[in-house]
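Welcome, and thanks for taking a look at this one with us. Below is a short tour of the fold, the ligand surroundings and a few annotated positions.

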Amino acid sequence: MKVSTEEMRSLLKTYFIMGSQNCDEDPREVLKDAIHGGITLFQFREKGDQALVGEEKIRLAKELLEICKHYQVPFIVNDDIDLALKINADGVHIGQDDEPAEQVRKKIGDKILGISAHNQEEVEAAINQGADYIGTGPVFPTETKKDTEAVQGTILVQELRKQGISIPIVGIGGITPENAASVVKGGADGVSVITAISKAKSPKEQARLLKAAVDSVMQ
Ligand SMILES: Cc1ncc(COP(=O)(O)OP(=O)(O)O)c(N)n1
Ligand SMILES: Cc1nc(C(=O)O)sc1CCOP(=O)(O)O
Ligand SMILES: [Mg+2]
């Protein structure tokens, strides 16, 4: 799946990231509900103490991929390149401590490649290594991931845009419907969230509110 830069920007608007460890309810139902609320991209991030491994992880990935395919929401796999290739996902997301980006690009061909970056140097390297988009954060404090870089607010993205860096960028970390507009006003193309949707009483309504907040700045 080769996406254009403008398609990529559009896919980043409301990017939901989830693994079974992030859900109190059945992850399949949470994902369906979030899709009905209007999410534009999904990342399977099965990671941490409570995460599934081995065949159970593969089974869940395949089930969530089928749901995404049914609703035509592209499916990104976090970290696990072999899994992404095995199930023919639409792309992968890697960070600074994951498999080297040039190597990943060679393995995945035209699939979507997202790379985490936390400063201008990392962003420029990611662009040279073939990133389709940059994920940067934490924009706000988050309880979901413990080993993050320092909270950066919206300053980094504002600076990158001032420098003329135009690659699609999505913010991550502590984003909610209440603060999502500020992330896009700062220059991001969209917001990526875990708990704002995965732990919501109504994932559908939270996804709808997040999308509305992003769209309110875009229009
Ligand atoms: C969209 C998006 N942005 C950033 C990340 C974080 O990736 P990484 O730094 O590799 O950390 P883990 O998610 O692997 O713990 C992401 N997953 N998605
Ligand atoms: C997976 C992840 N990466 C981050 C980074 O800063 O790179 S913050 C984060 C967790 C985001 O979860 P929530 O939306 O629940 O705050
Ligand atoms: Mg990673």
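Let's begin at ligand 2, whose shell is made up of six nonpolar, eight polar and one charged residues. Please keep in mind that this is a predicted model.

**Around ligand 2**
- The shell of ligand 2 holds 15 residues, and those that come nearest are Gly137, Thr142, Thr144, Ile194 and Thr195.

**Around ligand 1**
- Ligand 1 has 18 residues around it, of which Gly95, Ser116, Gly135, Ile172 and Ser192 come nearest.
- Sorted by class, five residues of the ligand 1 shell are nonpolar, eight are polar and five are charged.
- Several strands take part: strand S1 (14-18), strand S4 (91-94), S5 and strand S7 (169-172) each contribute at least two residues to the shell around ligand 1.

**Annotated positions**
- An unreviewed UniProt entry carries the annotation "binding site" for Gln43, Phe44, Arg45, Glu46, Lys47, Asn78, Ser116 and Lys145.

**A closer look at Ser116**
- Ser116 belongs to strand S5, which runs over residues 112-116.
- Is Ser116 buried or exposed? Ser116 has 21 other C-beta atoms within 10 Å, and because the cut-off for burial is 20 or more, Ser116 counts as buried.

**A closer look at Phe44**
- Phe44 sits in strand S2, residues 41-44.
- With 28 C-beta neighbours inside 10 Å, Phe44 is buried too.
- Setting aside neighbours within four places in sequence, Phe44 is in contact with Gly19, Ala61, Leu64, Phe75, Val77 and Asn78.

**The overall fold**
- The protein contains 10 helices and eight strands.
- Its radius of gyration is 16 Å, close to the 17 Å from the globule rule for 219 residues, so the protein is as compact as a globular protein of that length.
- The C-alpha trace spans about 45 × 40 × 30 Å along its principal axes.
- Of the 219 residues in the protein, 45% are buried.
- Among contacts with a separation of 6 or more, 62% join residues 24 or more positions apart.

Technical notes. Residues are numbered from 1 along each chain as its sequence is written. Chains are lettered from A and ligands numbered from 1 in the order in which they are written. This is a predicted model: local features need pLDDT of at least 70, side-chain atom pairs count only at pLDDT 80 or more; totals for chains, interfaces and linings use all residues. A residue is near a molecule or strand if its C-beta atom, placed from the backbone, lies within 6 Å of it. Ala, Val, Leu, Ile, Met, Phe, Trp, Tyr, Cys and Pro count as nonpolar, Asp, Glu, Lys and Arg as charged, and the others, Gly among them, as polar. UniProt positions are given in the numbering used here, feature names are shortened, and annotations may be inferred rather than shown by experiment. Helices (H or I, at least four residues) and strands (E, at least two) are DSSP runs, numbered from the N terminus. A residue is buried if 20 or more other C-beta atoms lie within 10 Å of its own, exposed if 12 or fewer, and partly exposed in between; C-beta atoms are placed from the backbone. Two residues are in contact if their C-beta atoms, placed from the backbone, lie within 7 Å. The radius of gyration is taken over C-alpha atoms; the globule rule is 2.2 Å times the number of residues to the power 0.38.
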